[in-house]
Amino acid sequence: MRPTSPRGVPEGPDGTLPQRGLRLWLGAPPAGAAHHRQADPDAEAGGQGPLRGGVDGEVEGRAGGRQGFIAADIKGTGSWTQLYLITDYHENGSLYDYLGSNTLDVRALLKLAYSSISGLCHLHTEIYGTQGKPAIAHRDLKSKNILVKKNGTCCIADLGLAVKFNSDTNEVDIPRNLRVGTKRYMPPEVLDETLNRNYFQSFMMADMYSLGLILWEMTRRCMVEDPQLPYYDLVPSDPSYEDMREVVCFKKQRPSFPNRWSSDECLRQVGKLMFECWAHNPASRLTALRVKKTLVKMLESQDIKL
Ligand SMILES: Nc1ncnc2c1ncn2[C@@H]1O[C@H](COP(=O)(O)OP(=O)(O)O)[C@@H](O)[C@H]1O
Ligand SMILES: [Mg+2]
């Protein structure tokens, strides 16, 4: 029998989970039909993440159930291996795709924001016990790595670069290369390589910076600003490390808030959240749990139930 991780996911020959394997989407249209992947000008840098064991593919918090991990399999001989992850197919595609063709009202914005942060909060939180999970940092959060379900909630996808914290040994699954992820979404400490890799919280704080940028992308679509990537007006379409370092680390610039956001109390509050997520000093950033709690209050005050 094939070795399995604690969650029953077959492991690769070296104990790794399927990361860059074939994906099968149940219910997906045939190849070449409705779903298409857009060319990604901001391709990921770096190699495979060292995530090992214990996580069942893509993750979502409790806001709306799981991403729909169905099965995993591995096939191969000594010289080649094929890894399969079978998940639900989400016809809305990524948040990036979704925001490109949909505008939002406050209710839709809060749903997307709350479900995204719930997913991230779940990822960051260690759960003890046989049904538990380690604390995981994503390291490549961006609107293209978040999927939108039919009911208008999000789930976090693409754990290919994730790292986990091993609380038994108090060790971070240390990545070989710290400058991984997508340059546009990299926080200052990753761009200038000052991130403290021995401290797991550092990776979670880095995720919170990227989450702030994603909140900005969502909120733009609420006041019907055109869909844009963060820093679209400050760096070229495929920015280099130098482009990003200049803007994010040296000039300490961040995406700007359209004036109209200040005229709506809800957008003003979401603006404050993103501002506190992308602080230059990682230790000053909000935690996922803090953002989640604030969004719960906002949902309640608008009488929105998920
Ligand atoms: N379950 C899914 N349902 C629908 N579209 C998906 C699903 N998973 C991924 N995609 C689409 O494929 C793209 C790439 O998937 P991702 O998991 O991020 O892999 P990669 O490692 O290639 O970046 C996503 O941006 C999204 O558009
Ligand atoms: Mg991806």
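**View 1. Two buried residues hold a magnesium ion.** Both N145 and D158 are buried, meaning under 20% relative accessible area, where over 50% is exposed and anything in between is partly exposed (1.4 Å probe, protein chains only). Together, N145 (through OD1) and D158 (through OD) coordinate the magnesium ion, ligand 2, at 2.0 to 2.1 Å. The pair links distant parts of the chain, 13 residues apart: N145 lies in the loop between β4 (135-137) and β5 (146-148), and D158 in the loop between β6 (154-156) and β7 (163-166). Donors here are N, O and S atoms within 2.8 Å of the metal (3.2 Å for Na, K and Ca); water is not among the atoms, so the site may look incomplete.

A note on what you are looking at: this is a predicted model, in which local features need pLDDT of at least 70 and side-chain atom pairs count only at pLDDT 80 or more, while totals for chains, interfaces and linings use all residues. Residues are numbered from 1 along each chain as its sequence is written, chains are lettered from A and ligands numbered from 1 in the order in which they are written, and side-chain values use heavy atoms, leaving out hydrogens and water.

**View 2. A hairpin of β2 and β3.** Strands β2 (residues 69-76) and β3 (residues 81-88) run antiparallel and are joined by seven bridges; two strands pair if DSSP finds at least two bridges between them. Four residues sit between the strands of this hairpin. Look for F69, which stands opposite T87 in β3. Helices (H or I, at least four residues) and strands (E, at least two) are DSSP runs, numbered from the N terminus.

**View 3. K111 in helix α2.** Find K111 within α2 (residues 106-124). K111 counts as buried because its relative accessibility is 18%. Leaving aside residues up to four places away in sequence, K111 touches N151, G152, T153 and L306, where contact means heavy atoms within 4.5 Å.
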